[in-house]
Amino acid sequence: MQLAGKTALVTGAAKRIGRAIAVRLHGAGANVVLHYRNAEGEARALAAELNAARDGSAEFAHADLLDTDILPDLVEVAVDRFGSIDILVNNASSFYPTPIGNITPSQFGELMGANLKAPLFLSQAAAPHLKTCRGAIINIVDIHAERPLKNYLVYSVAKSALAGLTRALALELGPEVRVNGVAPGPIAWPEDGSWDAAVRDRVIRHTMLKRQGEPDDIAKAVLFLAGDAGYVTGQIIAVDGGRSANI
Ligand SMILES: NC(=O)c1ccc[n+]([C@@H]2O[C@H](COP(=O)([O-])OP(=O)(O)OC[C@H]3O[C@@H](n4cnc5c(N)ncnc54)[C@H](OP(=O)(O)O)[C@@H]3O)[C@@H](O)[C@H]2O)c1
């Protein structure tokens with residue numbers, strides 16, 4: 001229970017990777033605030049499950065992260081409910097193709113908003129609390145921050161900027177706050193079925209471990225960065241079965 005008495009805010013925590021992160025941090029003793037946008041049912045169900053395991057240890061909070069003005073309110077949910085915020089995990093993301101020639105300002109605003117702007121303004125709002133309790137920020141990046149994903153120009157650029165933000169925040173918020181990232185490889189395929197079997201097979205072939213990862217692989221790296229990694233800041237750990245070295 002290395003995170004006992006600590007509070008974590010996880011964005012996009014109702015499903016998939018965000019859910020696994022929330023469950024693992026909670027399992028290490030943290031209180032968790034589960035942020036969601038549309039997945040209210042899943043967020044409520046997960047909060048109920050976690051509260052059943054440890055009474056009063058989980059809260060859920062709705063926000064559209066594109067509404068920058070309300071991001072400080074999300075931080076205040078954690079502080080009001082649990083008295084502090086020690087760990088901020090910027091996990092929520094918008095992900096879809098934007099082929100060059102047809103990119104719209106609206107797509108640019110949405111992809112940059114969810115993947116870059118919200119992590120920045122949430123981090124800024126949480127920073128005073130994180131400094132007080134010598135906390136940590138963990139940004140969920142992507143191996144395609146380094147090598148862009150074909151047809152996903154704006155998403156790839158947003159994640160590149162998030163990697164830069166991770167290092168810049170580590171500089172700005174140290175020495176009190178550590179800021180790191182986890183860059184997933186193939187963990188959970190797009191929910192809309194847009195990646196067919198051939199695409200999936202090609203991606204898996206390019207991992208060195210010849211298999212897809214699991215959401216909990218990302219969660220374990222987040223737990224390490226939130227807890228044991230006391231001398232690690234400004235770093236991004238790829239959890240990708242070796243794919244980034246073999247794209
Ligand atoms: N899946 C992978 O294999 C993979 C690979 C590389 C990197 N990653 C990164 O890992 C993280 C998690 O991946 P994932 O596939 O689990 O994510 P995801 O399912 O694509 O999205 C996570 C959540 O983000 C929330 N979200 C999106 N736009 C939002 C907005 N404007 N305001 C508030 N919430 C918003 C959604 O919440 P609601 O459902 O409640 O609306 C969604 O459930 C992301 O940062 C992603 O870029 C994932």
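Where is Pro175 found? Pro175 is found in the loop between H5 and S6, where helices (H or I, at least four residues) and strands (E, at least two) are DSSP runs, numbered from the N terminus. The peptide bond from Gly174 to Pro175 is cis, and its omega is near 5°. Most peptide bonds are trans, and most residues other than glycine have a negative phi.

The model is predicted: local features need pLDDT of at least 70 and side-chain atom pairs count only at pLDDT 80 or more, while totals for chains, interfaces and linings use all residues. Residues are numbered from 1 along each chain as its sequence is written, and side-chain values use heavy atoms, with hydrogens and water left out.

The overall fold comes next. The secondary structure of the protein comes to 7 helices and 7 strands, and along the sequence these follow the pattern β-α-β-α-β-α-β-α-β-α-β-α-α-β. The radius of gyration is 17 Å, close to the 18 Å that the globule rule gives for 247 residues, so the protein is as compact as a globular protein of that length. That radius is taken over C-alpha atoms, and the globule rule is 2.2 Å times the number of residues to the power 0.38. Taken along the principal axes, the C-alpha atoms fill a box of roughly 45 × 40 × 35 Å.

Buried residues make up 49% of the 247 residues; buried means under 20% relative accessible area, exposed over 50%, and partly exposed in between (1.4 Å probe, protein chains only). Among contacts (heavy atoms within 4.5 Å) between residues at least 6 apart in sequence, 76% join residues at least 24 apart. The accessible surface of the protein comes to about 11,300 Å², of which 53% belongs to carbon and sulfur atoms. Areas of this kind come from the Shrake-Rupley method with a 1.4 Å probe, and for residues only the protein chains shown count as cover.

Helix H5, residues 153–173, has 21 residues and reaches 30 Å from its first C-alpha to its last, close to the 30 Å expected at 1.5 Å a residue. The expected span of a helix is 1.5 Å times one less than its number of residues. The buried residues of H5 include Val154, Tyr155, Leu162, Leu165, Leu169 and Leu173, and Lys159 is also one of them. The buried residues of H5 pack against helix H4 (105–132), strand S5 (136–140), strand S6 (178–184) and strand S7 (236–239).

Helix H7, residues 215–226, has 12 residues and reaches 17 Å from its first C-alpha to its last, close to the expected 16 Å. In H7, Ile218, Ala219, Ala221, Val222, Leu223, Leu225 and Ala226 are buried. What covers the buried residues of H7 includes helix H1 (16–27), strand S4 (87–90), S5, S6 and S7.

Asn31 lies in strand S2, residues 31–36, and is buried, with a relative accessible area of 18%. Not counting residues up to four places away in sequence, Asn31 touches Lys6, Thr7, Ala8, Arg54, Gly56, Ser57 and Phe82. His62 lies in strand S3, residues 58–62, and is partly exposed, with a relative accessible area of 48%. With residues up to four places away in sequence again not counted, His62 touches His35, Tyr36 and Arg37. His62 and Pro215 are 153 residues apart in sequence and 22 Å apart in space, C-alpha to C-alpha.

Leaving aside neighbours within four places in sequence, His206 is in contact with Gly242, Arg243, Asn246 and Ile247. His206 and Ile247 are 41 residues apart in sequence and 6.0 Å apart in space, C-alpha to C-alpha. Lys210 is found in the loop between helix H6 (197–205) and H7, and at 53% relative accessibility Lys210 counts as exposed.

Lys210 has a positive phi of about 55° although it is not a glycine. Arg16 has a phi near 55°, a positive value in a residue other than glycine. Arg16 lies in helix H1 and is partly exposed, with a relative accessible area of 35%.
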